[in-house]
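This report is written for a reader who is meeting the structure for the first time. The sequence and the model are displayed below.

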Amino acid sequence: DAGTVTSLADYVAGALGDHADDYDIDAITADYRDAINERLADQGITLAGDEFYGPYPRPENAGEIIADAIESVDFWTIVARHETA
């Protein structure tokens with residue numbers, strides 16, 4: 001749940017909490033975005049920066065498609081690859 005976070009980097013840092021300084025936030029953010037985009041590719045939706053872009057008109061279930069893509073990514077596996085401490 002991203003809550004009120006408006007950027008992917010802030011989401012990553014928030015998820016890491018007090019341990020954020022032990023990780024390469026930029027690398028995690030880039031890998032996480034890439035993994036989400038891999039899962040959205042067949043839907044014509046792309047996460048560019050902090051915004052999702054896709055076909056017009058937007059599919060009625062676009063929110064579900066995006067949520068499913070995000071949930072299918074193993075965030076913590078990506079995090080583990082970028083520990084700096």
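Which residues does Asp50 touch, not counting residues up to four places away in sequence?

## Asp50 and its contacts

Asp50 touches Thr6, Ser7, Leu8 and Arg33 when residues up to four places away in sequence are not counted; contact here means heavy atoms within 4.5 Å. Asp50 is situated in the loop between E1 and strand E2 (51–53). Helices (H or I, at least four residues) and strands (E, at least two) are DSSP runs, numbered from the N terminus.

Although 42 residues separate Asp50 and Leu8 along the chain, their C-alpha atoms are 5.9 Å apart. The side chain of Asp50 reaches the backbone nitrogen of Leu8 at 2.9 Å. Asp50 counts as partly exposed because its relative accessibility is 38%; buried means under 20% relative accessible area, exposed over 50%, and partly exposed in between, with a 1.4 Å probe and protein chains only.

## Basis of the model

The model is predicted: local features need pLDDT of at least 70, side-chain atom pairs count only at pLDDT 80 or more, and totals for chains, interfaces and linings use all residues. Residues are numbered from 1 along each chain as its sequence is written, and side-chain values use heavy atoms, with hydrogens and water left out.

## Helix H1

Leu8, Val12 and Leu16 are the buried residues of helix H1, which comprises residues 8–16. These residues lie on the same side of H1, because they cover an arc of only 75° around the axis; the arc is that of the directions from the helix axis to the C-beta atoms. The elements that cover them include helix H2 (25–40), strand E1 (46–48) and helix H4 (75–80). After H1 comes Gly17, with a positive phi near 55°.

## Helix H2

The end C-alpha atoms of H2 are 22 Å apart, in agreement with the 22 Å that its 16 residues should span at 1.5 Å a residue. The expected span is 1.5 Å times one less than the number of residues in the helix.

The buried residues of H2 include Ile25, Ile28, Tyr32, Arg33, Ile36 and Leu40. Among the elements covering the buried residues of H2 are H1, E1, E2, helix H3 (62–72) and H4.

## Aromatic residues

Rings of Phe, Tyr and Trp (its six-membered ring) pair if their centres lie within 6.5 Å; planes under 30 degrees apart count as stacked, over 60 as edge-to-face and the rest as tilted. By this rule there are four aromatic pairs. One of them is the edge-to-face pair of Tyr11 and Phe75, at 5.9 Å centre to centre and 65° between the planes. This pair links distant parts of the chain, with Tyr11 in helix H1 and Phe75 in helix H4, 64 residues apart. Tyr11 is partly exposed, with a relative accessible area of 23%, whereas Phe75 is buried at 7%.

The pair of Tyr32 and Phe75 is edge-to-face because the ring centres are 5.0 Å apart and the planes lie at 65°. It joins helix H2, which holds Tyr32, to helix H4, which holds Phe75, across 43 residues. Tyr32 is buried, with a relative accessible area of 4%. Tyr11, Tyr32, Phe75 and Trp76 form one aromatic cluster. Trp76 lies in helix H4 and, leaving aside neighbours within four places in sequence, is in contact with Ala15 and Leu16.

Technical notes. Polar contact = N/O pair within 3.5 Å; in protein donor to acceptor, adjacent residues only side chain to side chain.
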